[in-house]
Amino acid sequence: MTEKKRPLLDELKKGKWPSFVNEMEKSAAKKPVVNTLMDLVERSYEEKRVHWKHGGIVGVRGYGGGVIGRYCDLPEEYPDVAEFHTIRVNQPSGWFYTSDAIRTLCDVWEKHGSGLTNMHGATGDAILLGTTTDHLQDCFNDLSDNGFDLGGSGSNLRTPSACCGPARCEYACFDTLDLCHHLTNEYQDELHRPMWPYKFKIKISGCPNDCTSSIARADLSIIGTWRDNIQVNQEAVKEYVNNGFDVKEEVLAHCPCNCITFDEEKKELSIDDENCTRCMHCISAMPKALRVGKEKGATLLLGGKATIVQSAFLSWVIKPFIKLDKEDGYQELHDILERIWDWWDENAKVRERVGELIYRKGMGEFLKATGLEPVPQMVHHPRANPYFFWYPEDFAAEKEASEAGKEVAGSEVSE
Amino acid sequence: MPFIEVNGKQIETDEDGFIVNLEDWNEDVALALAKTEQVEELTEDHWKVVNYLKDYYKEYGIAPMVRKVVKQTGFSLKEIYELFPTGPAKGACKIAGLPKPTGCV
């Protein structure tokens with residue numbers, strides 16, 4: 001067969017950056033199916049429409065998720081990619097692999113699929129692109145024999161992901177890697193067997209720099225924080241200044257809370273921690289002089305998602321501070337999480353994310369159902385979300401109390 | 001178009017093996033579909049789930065949410081996966097003759 005020309009794909013090889021087209025051409029030498037795929041992509045670019053059908057349901061034994069069915073809508077013209085299913089493989093915590101593990105993954109995929117991978121998808125999984133239905137179970141078995149498992153897809157818990165945390169970063173306020181691993185193991189049923197109205201994503205960042213972008217991309221964002229004061233090393237501050245670092249311009253000017261002052265004579269920083277929102281800017285700018293506090297934990301935020309039923313949401317605070325305790329198996333987090341799931345599962349419509357349900361039902365309903373305390377940190381900005389937290393039973397209780405009070409008062413009088 | 005053959009009759013399916021026309025469904029078809037979903041025979045428990053799905057679909061025109069299936073049939077999700085190893089959406093719905101669940105994954 002003569003090589004077809006693919007001018008539109010060729011355009012994508014011209015930048016100074018890596019190109020998936022180059023990578024696919026390399027793969028095509030081993031796997032002819034990749035040539036067919038590139039022809040199909042070229043055609044999609046020409047016609048400005050995709051040629052994958054919407055949906056498809058395939059899977060492996062015992063799992064309701066992890067494999068996404070992909071069918072070409074022009075199977076006669078592109079028979080090699082008529083079936084081109086995607087497999088999601090649960091990535092290790094913090095995406096730490098040995099090179100041996102990656103080789104193994106690629107070997108399994110060359111045996112059972114196109115050899116094309118996407119490392120990694122937005123949720124965090126290693127994505128294996130393109131195989132046929134009759135390869136799925138064998139591929140899964142081989143992955144499983146080598147210690148890999150599938151990730152989430154469909155209306156289930158999506159593969160939790162975490163930043164590199166304490167393995168490589170001094171800002172980490174807790175062990176993100178351990179928590180991610182722990183949640184993945186604890187919630188295997190939720191991860192593999194879809195049972196909910198829609199997807200639920202958990203992302204874990206060790207500090208407010210939020211390297212997993214959890215606030216925009218996860219239903220539950222777990223973000224490291226501290227509740228005491230930023231640790232300041234004044235000697236190191238002086239060193240920054242002596243080396244020509246402009247503290248006023250680089251740090252003070254960017255502090256969103258205006259809670260830092262700088263004594264130019266003494267070359268000392270002081271921070272009004274009461275008014276600090278833990279934005280991390282000063283710490284990231286002067287890592288040698290400033291450190292996160294000593295009493296560490298995390299903030300839980302809920303509701304982030306991309307546009308579907310409602311517009312895109314950022315997660316918002318539902319728990320300003322939680323201790324993440326390895327020793328007690330993160331019990332407090334489990335309790336909160338399971339109460340959230342229960343309420344959401346019971347009340348949501350099909351394909352309604354938890355953030356959208358809160359939007360529809362109100363934060364008051366949510367807090368009542370989950371037993372979380374309403375706190376000022378939940379307010380986006382002043383006058384933004386005025387919650388009412390009184391229920392008929394509160395008034396009844398108040399009335400009862402006051403009547404009981406009258407009786408007592410009355411009896412005093414009669415005596 | 002792909003099809004399955006039941007009692008000498010060809011029944012049209014989509015590429016995932018879901019039947020295209022609900023009128024084609026009968027108990028023999030269900031059994032033939034079951035074999036494609038790693039269910040060798042349909043026991044009383046299987047029928048309980050299948051009939052629930054069918055009735056729900058007839059009434060509401062959509063498949064019930066998994067939580068409903070669990071509550072109404074009394075089977076835990078684990079038991080449903082034991083009955084239908086490929087899961088409620090793929091296995092049980094297919095056997096009940098419901099159209100393929102669609103949507104974004």
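A: Let's begin where the chains meet: the contact takes 22 residues from chain A and 18 residues from chain B (in contact means C-beta atoms, placed from the backbone, within 7 Å). On chain A's side, the touching residues split into eight nonpolar, nine polar and five charged (nonpolar is Ala, Val, Leu, Ile, Met, Phe, Trp, Tyr, Cys and Pro; charged is Asp, Glu, Lys and Arg; polar is the others, Gly among them). This is a predicted model, where local features need pLDDT of at least 70 and side-chain atom pairs pLDDT 80 or more, while totals for chains, interfaces and linings use all residues. Residues count from 1 along each chain as written, with chains lettered from A and ligands numbered from 1 in written order.

Now chain A itself. The C-alpha atoms of chain A fill a box of roughly 105 × 65 × 40 Å along the principal axes. Chain A has 15 helices and 13 strands (DSSP runs, numbered from the N terminus: H or I of at least four residues, E of at least two). Of its 415 residues, 39% are buried (20 or more other C-beta atoms within 10 Å; exposed means 12 or fewer, partly exposed in between). Among contacts in chain A between residues at least 6 apart in sequence, 64% link residues at least 24 apart.

For the close look, take helix H12 of chain A, residues 331–347. Its 17 residues, at 1.5 Å each, should span 24 Å, and the end C-alpha atoms are 25 Å apart, so the two agree (the expected span is 1.5 Å times one less than the number of residues). Which residues of H12(A) are buried? They are Leu333(A), Leu337(A), Ile340(A) and Trp344(A). These cover an arc of only 65° around the axis, so they sit on the same side of H12(A) (the arc is that of directions from the axis to the C-beta atoms). That pattern has a simple background: an α-helix has 3.6 residues a turn, so residues three or four places apart point the same way.

What lies over that side? The cover for the buried residues of H12(A) includes strands E7 (220–226), E12 (296–302) and E13 (316–322) of chain A, along with helices H13 (354–361) and H14 (363–370) of chain A. Turn to the face of H12(A) away from its buried side, and you'll find the exposed residues Gln331(A), Asp335(A) and Glu346(A).

Definitions and conventions
Two residues are in contact if their C-beta atoms, placed from the backbone, lie within 7 Å.
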